[in-house]
Amino acid sequence: MSFLSRFSRTQLIIGGLLTYATGVSAALTFLPSSSSSPSSESDPNHPDQRFPPESIRRSTFDTLAPNYDKEVGLHEYLLGIQRRRKRLLKQAQGRVLEIASGTGRNVDYYTKGCCDEIIFSDFSEGMMEVLKKTVGESDLGKRYDYQLRRQQQLELERIAQSKQQPPPPQEEQHQHTDIASSTTLPSSSQPQSTDVVETEIRFKTMNAAAIPYPDQSFDTVVDTFGLCSFEDPVQVLKEMKRVLRPGGKLLLLEHGNSSWGFMKDMQAKKLDRHVHKYGCYWNREIEDLVQEAGLKVVEKERSQLGTVYYMVLTA
């Protein structure tokens, strides 16, 4: 008789749930956030002077940056975060602004040719330094680098060709005036397009509470695990809403307060430790923040005992 056969189905289910809850609790205890504009609150939505001020928390993110990916890799695997990142970013399109990019853990999930431009941003200089290296080494970054160099080469060839070919005589220009508008030039005579870059890549160090772009600038705004680290999360959400174009999407993947009582208690008890170590308020009420910012929910899903929020929003 096997060991498991000694237990009833009900006992196995209960035991499995308890094991799962313990694993989630352990993983979340050590799961830090992406960085951006830091916060200082005991009630996660209101200031509290006992927590580190913005300058200290920014320094915390700078310090975490070099080893951040090693520290969170296993925890994200246990929580299934990679799958959710991939699923979320399939909806990114057009001109994209990514908030709190951290070390670039989303980079590999942007599909080829999905977007015209992606601006990766963060508050922490330390995170930005790692981010630029991550993007440069990714398939997305390598394609951009190759296409950019190819575009520059084609532009140089176009300029050289234009210098070598003098304009036709004045009389010949007059003779062809009537048919120029209706006749396509031979392909060898047409200027070759130099626009070969699929997705422009840019970087911006900025405070997300005051996004330095005009209204309705982006088709997609992305924020994954950044709301927990903002000084004023509602203000940041309002800024994201402001820069969204009509019909654009705000893609959120966040951790927040659990929907289970025992987990809420654990998050509250360990809040001080988590904020001081990671600069992260991990028990904010994400749905309340979204509602207060005036955003509309298109898609919503909570997992991992309600601590992981997957949301697609519109203005």
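A salt bridge here is a side-chain nitrogen of Lys or Arg within 4 Å of a carboxyl oxygen of Asp or Glu. The model is a predicted one, and its salt bridges number 16.

Some of these pairs reach across the chain. Take E301 and R87, whose side chains meet in a salt bridge at 3.1 Å, N to O. E301 sits in strand β6 (residues 296-303) and R87 in helix α4 (residues 81-89), so the pair ties together distant parts of the chain, 214 residues apart. Both ends are partly exposed: E301 has a relative accessible area of 30%, and R87 comes in at 32%.

D215 and R242 also pair up, with N to O at 2.7 Å. This bridge again joins distant parts of the chain, 27 residues apart, running from the loop between β3 (200-205) and β4 to helix α9. D215 is exposed, at 52% relative accessible area, while R242, at 25%, is partly exposed. Then there is R202 with E200, a salt bridge at 3.7 Å, N to O. R202 counts as partly exposed with 40% relative accessible area, and E200 does too with 21%.

On the surface, E231, D232, D288 and E292 gather in a patch of negative charge. Patch members must have over 30% relative accessible area and no salt bridge; E231, at 32%, is partly exposed. E231 belongs to the loop between β4 (218-224) and α9 (233-243).

Definitions and conventions
Residues numbered from 1 in each chain as written. Predicted model: local features only at pLDDT ≥ 70, side-chain atom pairs only at ≥ 80, totals over all residues. Heavy atoms only, no water. Patch = residues over 30% accessible without salt bridge, like charges linked within 9 Å, V, L, I, M, F, W, Y side chains within 5 Å. Areas by Shrake-Rupley, 256 points an atom, 1.4 Å probe, with all protein chains shown as cover. Lys, Arg positive; Asp, Glu negative; His and termini not counted. Charge placed at Lys NZ, Arg CZ, Asp CG, Glu CD. Helix = DSSP H or I, 4+ residues; strand = E, 2+ residues; numbered from the N terminus. Buried < 20%, exposed > 50% of the residue type's maximum accessible area, 1.4 Å probe, protein only.
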